[in-house]
Amino acid sequence: MSTISRRHFLGFGAGAAGLAACATSGDPLADNRAAFPGSVSFDHGVASGDPLSDRVILWSRVTPADEATTAPIPVSVIVARDEAMTDIVSQAMTETSASRDFTVKFDIDGLAPATTYFYQFTAKTSSGDVTSPIARTKTSAASGTTPVKFAVVSCSNFPFGYFNVYEAIGKRSDLDAVLHLGDYIYEYGVDGYGGSEGKALGRNHEPVMEIVTLGDYRMRHAQYKRDPKLQAAHAVAPWICTWDDHESANNSYRTGAENHQPETEGNWTDRKQAAIQAYMEWMPVRDPEAGRAMGGIYRKFEFGDVASVFCLESRLTGRSDEISWGAELAGVPAEDIPAKAADVMGRVSDPSRTMLGKVQEAWLDDGLKASKDAGKTWQVLANQVIMASVKPPNLMETLTPEQRAAQTGYVATMIPFSQLGLPFNLDAWDGFPAARERLYASAEAAGARLVTLTGDTHTAWANTLHDAGGNQRGVEFGCTSISSPGMGKYVNDVPDLGEQFADANRDVDWYDPDGHGYTLVTLTEDEVASDYYKVSTITEPTYTTKKVASFVSVRQGDGMSNLAPSVPSAG
């Protein structure tokens with residue numbers, strides 16, 4: 001048995017407990033702590049995240065039968081090379097309590113690079129030890145050109161359907177990490193977005209109202225983590241996570257959100273901090289480095305000599321105020337819309353507007369240069385919202401009169417707007433074009449081969465990115481959703497909608513507005529490839545999984561090729 005040392009516990013916020021001195025024995029650590037006097041269970045599974053070449057975050061939640069208890073619960077974790085948990089390499093202890101919602105996170109270091117490990121938690125109670133499920137994790141490579149494989153996901157709205165996509169990911173054994181690009185939870189109540197679907201499926205949100213307080217956000221995270229299909233995906237590989245808007249409120253930005261009403265929901269800063277605290281408690285993410293606010297979760301991961309992954313934060317720390325077409329054009333007479341739209345685009349293009357904030361922009365600029373200087377082949381952005389420049393097709397021309405008449409709601413309003421030739425989603429990088437140009441200029445100066453991974457839209461994209469001058473600046477793979485509905489759900493009888501978007505936009509090579517799934521991204525020293533998977537249904541718990549498209553960009557000298565369709569890879 002290898003030497004076992006007690007690793008440093010990752011604390012966050014009030015109530016975080018530290019560990020005692022390290023043990024030096026090769027035997028398991030003696031646990032002389034007082035046992036918890038009540039009953040406990042591991043109802044929310046286990047998870048790992050933020051893999052480095054020598055360490056990984058391990059997470060779980062111990063649920064006391066009496067959640068009003070004030071007694072601390074002693075918790076330990078063991079890490080082994082084998083699933084039978086006999087070849088133990090590390091063990092650590094801490095206590096958890098109501099102050100951190102009975103969650104635990106360990107930052108286990110001293111691990112070997114590019115190595116698969118297994119881990120299990122134990123809670124010490126007066127009636128005996130209670131153990132968690134065993135799960136698998138993996139450290140990243142410190143060097144070398146072994147291919148890297150990610151499952152990329154986003155937008156898991158509990159009431160809209162079963163988490164079949166998560167279960168499909170949980171069946172894989174070839175992943176280096178799962179990248180979750182945001183909207184892990186949704187904030188709405190049972191009478192909000194997805195409420196009717198949730199009632200039909202018996203998957204209503206808890207609590208029943210829109211979440212605003214720390215207790216609300218904790219309860220919502222707990223509900224999602226109880227889902228066995230989500231637990232399966234967490235158990236198969238480490239996750240690299242960032243939030244988008246719904247972990248706080250729809251269309252959030254630094255100083256507010258579209259779905260936050262101060263007159264009834266209080267101060268935005270209080271709500272934002274509650275959302276951040278619950279996220280940091282309930283997710284397997286490493287705390288921001290010293291000197292940053294808790295919302296500054298942008299961070300970098302290295303996967304050998306193949307790729308640097310820059311996990312961005314584009315909502316709560318640096319994003320400028322929202323500008324939306326819905327608010328700007330409401331009540332504007334039709335004859336005045338072109339002039340109003342020109343005014344809006346002038347404000348959208350203001351160079352002072354930021355998506356990331358100046359501090360994170362500088363961090364990314366330095367990181368891209370350091371990655372290239374270190375000889376990494378690919379510079380990957382784990383990014384929330386679409387980076388490509390996208391406008392709708394001119395639907396007055398591309399739709400038949402019958403198709404136009406069949407549209408309702410938001411889609412019907414898009415038909416006249418589409419004649420303006422303007423970007424329609426200002427909650428994406430299209431709403432921050434000057435910031436996007438600064439990012440492209442940074443990538444160009446660094447010589448980066450930029451690979452952008454994106455969530456948010458509930459639809460699938462394969463994009464070749466260009467700057468305002470028409471120069472290629474990288475590629476983008478946009479994943480569809482776990483369960484949230486995409487544009488295809490709301491557009492009636494337009495089977496070629498994806499082709500219309502591709503034809504209307506230089507950046508868009510392929511667009512799929514339908515279905516739910518994940519993107520498998522594989523990076524080698526020579527190419528980056530994407531395979532798009534869909535599940536057959538999310539309204540039934542049984543399903544099939546199918547690969548529907550594949551694209552590739554090839555390394556070309558100091559640059560990279562445009563995206564092209566490829567023969568789907570195996571697996």
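This is a predicted model: local features need pLDDT of at least 70, side-chain atom pairs count only at pLDDT 80 or more; totals for chains, interfaces and linings use all residues.
Helix α9, spanning residues 358-373, packs against helix α13, spanning residues 433-446, at an angle of about 25°. The axes of the two helices lie 8 Å apart. Because angles under 35 degrees count as roughly parallel, α9 is classed as roughly parallel to α13. The crossing of α9 past α13 is right-handed. On the α9 side, the contact is made by Glu361, Leu364, Asp365, Leu368, Lys369 and Lys372. The residues contributed by α13 are Ala435, Arg438, Leu439, Ser442, Ala443 and Ala446. By residue class, the contact of α9 with α13 comprises six nonpolar, five charged and one polar.

In helix α14 (residues 497-504), the buried residues are Leu497, Gly498, Gln500, Phe501 and Ala502. These buried residues of α14 pack against α10 (395-398) and against strand β22 (508-512).

A search of the whole structure for disulfides returned zero. Cys311 takes part in no disulfide, and the nearest cysteine sulfur, which belongs to Cys241, is 7.7 Å away. The relative accessibility of Cys311 is 0%, so Cys311 counts as buried. For Cys479, the closest cysteine sulfur is that of Cys155, at 6.7 Å. A disulfide requires sulfur atoms within 2.5 Å, and the sulfur of Cys155 is therefore too far from that of Cys479 for a bond. Cys479 has a relative accessibility of 1% and therefore also counts as buried.

Definitions and conventions. Residues are numbered from 1 along each chain as its sequence is written. Side-chain values use heavy atoms; hydrogens and water are left out. Axes are lines fitted to C-alpha atoms, for helices over the stretch in contact, and angles run from 0 to 180 degrees between N-to-C directions. Helices (H or I, at least four residues) and strands (E, at least two) are DSSP runs, numbered from the N terminus. Angles under 35 degrees count as roughly parallel, over 145 as roughly antiparallel, 65 to 115 as roughly perpendicular and the rest as oblique. A crossing is left-handed if the near helix is turned anticlockwise from the far one by less than a right angle, and right-handed if clockwise. Contact means heavy atoms within 4.5 Å. Ala, Val, Leu, Ile, Met, Phe, Trp, Tyr, Cys and Pro count as nonpolar, Asp, Glu, Lys and Arg as charged, and the others, Gly among them, as polar. Buried means under 20% relative accessible area, exposed over 50%, partly exposed in between (1.4 Å probe, protein chains only).
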